[in-house]
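Thanks for coming. Please have a look at the slide before I start talking.

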Amino acid sequence: MSALHPGYFTEGLDADPELAAAIRGEIARQQDGIELIASENLVSRLVLEAQGSVLTNKTVEGPAYGRYYGGAEFADAVEALALERAKRLFGCRFANVQPHSGSNANAGVFFGLLGLGDAILSMDVAAGGHISHGHPATLTGRDYRIVRYGVSRATELVELDELHDLALAERPRMIVAGGSAYARALDFSALRGIADEVGAYLMVDMAHVAGLVATGLYPHPFPHAHVVTTTTYKSLRGARGGLILWNDEALSRGIDGGVFPGVQGSVMLHAVAGKAACLGEALRPEFRAYNEAVLENARALAARLAGHGLRIVSGGTDCGLMLVDLAAQGVTGDVAAKALERAGLAVNKNQIPFDPRPPEAPSGLRLSSNAGTARGFGTGEFEAVADWIADIVSAPGDDALIAATRATVREMCARFPIYA
Ligand SMILES: *Cc1c(COP(=O)(O)O)cnc(C)c1O
C-alpha cells in the first residue's frame, strides 16, 4: 500500500513507451555499432547507477560543508569523496567537481582568474583547439581578447618558438594548452616557462588525455600548470561533466567563485556522484591496463590506416585519438563519415590543420580508441576497423560493400556486449 499522492507517479520507463523506445534504440545502437568518436566512452554500471540516483532530488549551492541549504550531510559526503579522489588521482591540492561540463569548467576558470578584455592565448579550433577556449561564437570569445596559436605547417605540431614569439608580442594573461583534435604530447614545462616570462597563467585542458595522465601514459600537466581542466566523460570514462584542479591556494577563491556563482547555480549532485564513481574506478590498477590498451589500440589503428595509404596528421598519435587526412582518397570527411555510419562505424568529420575545405565538408576524420577499448577490443579488432574504414572511404557510394561491412560489424559487436 502506498501513501504517496495519486498524482505522484511511481512507474518506471514502461509508463512512457515513446521515451522507452528511444532509450532502448540507443542501447541497441551502442551495442551493435562501433563508437570511434573521441568525445565518447562507455561508462560502468556503477557510474550509470550513481548518475541515475536520488541525488537528483537534492539541491545544494556552494562548497561541500559550506552549503546555503540544509539537509546536505550526504550531499557533502558525496562531493567530498569526488574531491578527495580527484586530488589523489591527479596528485594536486585543490579540486572543484561542480562544473556541469568541460565548457563550464573553462568558463569558470576564465571568469574567476581573468578580467573582462584580458588576453587569452589559445589554440585555434582549425588547428585542433576547442571552441570553449575563446571561439568568437561563445561568451568567452566575446568577453576576452582571444589570440590564436596553431600548429606548424611542416610538422603539424605546436612549435614552441612560434608560441613564444606570439606570447611576447601579445602579452596574454593566460595561455591555454590542450585541444580536442590534437593527438601529440605537449611540453608543459616549456609552456610554463613561456607563461612565466610574460606573467601569464598556464591552463591545461586535458579533456582527451585525462585518463592517460592519471595513469602516467601522457605527460602530466602538474607541477607546471597553474590550473588544469578536464571533462570526466571522455578518457576518464565516467560521468558527464567537468573538473578543475590546481595547487596554489591563492587561486582557490577565484576558481571556486568563478564556477559558483560565476557561471553556474546549484550543483548537479547526481553527476557529482557519477564523478566520484568514475574517479574511484580510475584509482584502481585495472584503469592503468585500460589506458595502456587505449594507447596500443590507437597506435595499431593509425599504423594500419597508414598502411592502406591514409595519411595520419602529424604522422601518428600519443594518445587515444588521431586525425586522418582523406585528401589523397578524393573524399571529404562529411561524405566518408556518412558512409561509415551506415556501415556501423561512428566517426566525426574534422578539419585538418590548414584545411583548404570548410568545417561542413572538411578534409579529415577524427577517430579514437576509447570506447572500443572499453568494450574489450584489442589490436586485432582495431586493425579490422582500419581495413573497413580504408575500404569504405575509397568507395563511399558502394552500397553492397557498406551492407556487407554493416553485417560484419554487427557480428563483431555481438562478441563484445557492452552491458551484459
Ligand atoms: C570536449 C571538450 C570540452 C568541452 O566539453 P563539454 O562538456 O562539451 O562542454 C572542453 N575542452 C576540450 C579540450 C574538449 O575536448
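I will go through the nonpolar cores, then the cysteines, then some positions taken from a database record. Keep in mind that this is a predicted model.

Start with the inside. The largest nonpolar core holds 69 residues, and the members that touch the most others are Phe-90, Ile-175, Met-206 and Leu-245. Helix H10, residues 269-282, gives the most to this core, namely 8 residues. Domain 1 (50-282) and domain 2 (288-414) both contribute, so the core lies between them. Take Ile-175 as an example: leaving out residues up to four places away in sequence, its contacts include Leu-121, Leu-163, Ile-194 and Met-203. Another core, of 36 residues, lies apart from this one; Ile-312, Leu-345, Leu-367 and Ile-389 are among its members.

Now the cysteines. How many disulfides does a search of the whole structure find? The count is 0. For Cys-319, the closest cysteine sulfur belongs to Cys-278 and is 19 Å away, too far for a bond. Cys-319 is buried, at 0% relative accessible area, and Cys-413 is buried too, also at 0%.

Last, the record. An unreviewed UniProt entry puts "binding site" at Gly-129, His-130, Ile-131 and Glu-249. The farthest two C-alpha atoms of these are 28.5 Å apart, so the four do not all gather at one spot.

His-130 sits in the loop between strand S3 and helix H5 and is partly exposed, at 21%. Its side chain makes a polar contact of 2.7 Å with the side chain of Ser-132. Glu-249 is in the loop between strand S8 and helix H9. Glu-249 is exposed, at 52%, and touches Arg-93 and Phe-94, setting aside residues up to four places away in sequence.

Technical notes:
Residues numbered from 1 in each chain as written. Predicted model: local features only at pLDDT ≥ 70, side-chain atom pairs only at ≥ 80, totals over all residues. Heavy atoms only, no water. Core = buried A, V, L, I, M, F, W, Y, C linked by side-chain atoms within 4.5 Å. Buried < 20%, exposed > 50% of the residue type's maximum accessible area, 1.4 Å probe, protein only. Helix = DSSP H or I, 4+ residues; strand = E, 2+ residues; numbered from the N terminus. Domains from an automatic or database assignment. Contact = heavy atoms within 4.5 Å. Disulfide = S-S within 2.5 Å. UniProt positions renumbered as here; feature names shortened; annotations may be inferred. Polar contact = N/O pair within 3.5 Å; in protein donor to acceptor, adjacent residues only side chain to side chain.
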